[in-house]
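This briefing takes one structure topic by topic. Please look over the sequence and the fold before reading on.

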Amino acid sequence: MGVITGAMVAALGTSGTAHAADFSLRGSFVQDSGVQLFDFSVDKESTVTLRTYSYGGGTQADGTPIAAGGFDPVLNLFDATGNRLFANDDDKSGTVLKDPATNQAYDSFLKVILAAGNYTVSLTQYGNFTNSTNLADGFGQTGNFTGNFSRCAADSAFCDFTGNSRTNRWAFDVLGVQPVIEPPTLEPPTEPDEIPIQVPEPATTAAFVLTGLGAMATTRRKK
């Protein structure tokens, strides 16, 4: 899925127990049908914030400045059984920044109250939507599909709905969560750049889990 980097902003408490933490993650997709999954947990009812910086840029929670120019992202949040709980394409709260080149605010933002449990959030390029309300049914696109948008050049990649060429970069914050202590077994990666990384953190806690997911084909329009 490309190179992934990141940092945990809040550390453990002095007792060594896992406290809520903030994660800032960055990476890139090889194709615009890429899917990045992030697993996390909360140990009690908590307010969790999920925010992308791909399209309009900004400063992440760990202080990393992100330039505008990345692709138009979509977030979906699933519970431990794969049921979709929330989704966001374009933030309507006025929280994310507009790209100065396009004057569009196409980043995604979710601020939700979650019960204790394990969760998965997916990040995709706009147009690569879920095939159903369950994560197990996958996502609808393969390859570089955004050239199919009417305003985009044929065979283009990472084109937004208004016809602007974008980069393959994404940046993402997950705020107020715990790492998954016992992550699921990951299938061996098929490409060298698909190897998941562990976000730096104290050795007493397992890393925030990043996994890739393949995709299948359809198309939708909006905006």
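A disulfide links Cys152 and Cys159, with an S to S distance of 2.1 Å. The model is predicted. A search of the whole structure finds one disulfide.

**Disulfide**
- The torsion about the S-S bond of Cys152 and Cys159 is about -90°, so this disulfide is left-handed.
- Cys152 has a relative accessible area of 10%, under the 20% cut-off, and is therefore buried.
- Cys159 has a relative accessible area of 3%, so Cys159 is buried as well.

**Nonpolar cores**
- In soluble globular proteins, nonpolar side chains tend to be buried together.
- The largest nonpolar core here holds 23 residues. Within this core, Phe40, Leu50 and Phe172 touch the most other members.
- Several strands each supply at least two residues of this core: E2, E3 (35-42), E4, E7 (73-78), E9 (109-114), E10 (117-125) and E11.
- E11 gives the most to this core, with four residues.
- Another core, of eight residues, lies apart from the largest one. Among its members are Val74, Cys152, Cys159 and Phe161.

**Strands E2 and E11**
- Is strand E2 (residues 21-28) largely enclosed or largely open? Seven of its eight residues are buried, so E2 is largely enclosed by the rest of the structure.
- E2 pairs with strand E11 (residues 169-177) through eight bridges. The two strands run antiparallel.
- Gly27 stands opposite Trp170 in E11.

**Ser46**
- Where does Ser46 sit? Ser46 belongs to strand E4, which spans residues 46-52.
- Ser46 is buried, because its relative accessible area of 15% falls under the 20% cut-off.
- A polar atom of the Ser46 side chain lies 2.7 Å from the backbone oxygen of Lys44.
- Beyond residues up to four places away in sequence, Ser46 touches Val112, Ile113, Leu114 and Gly176.
- Of these partners, Val112, Ile113 and Leu114 carry numbers that fall in strand E9 (109-114). Gly176 falls in strand E11 (residues 169-177).

Notes:
Residues numbered from 1 in each chain as written. Predicted model: local features only at pLDDT ≥ 70, side-chain atom pairs only at ≥ 80, totals over all residues. Heavy atoms only, no water. Buried < 20%, exposed > 50% of the residue type's maximum accessible area, 1.4 Å probe, protein only. Polar contact = N/O pair within 3.5 Å; in protein donor to acceptor, adjacent residues only side chain to side chain. Contact = heavy atoms within 4.5 Å. Pairing = 2+ DSSP bridges. Core = buried A, V, L, I, M, F, W, Y, C linked by side-chain atoms within 4.5 Å. Disulfide = S-S within 2.5 Å.
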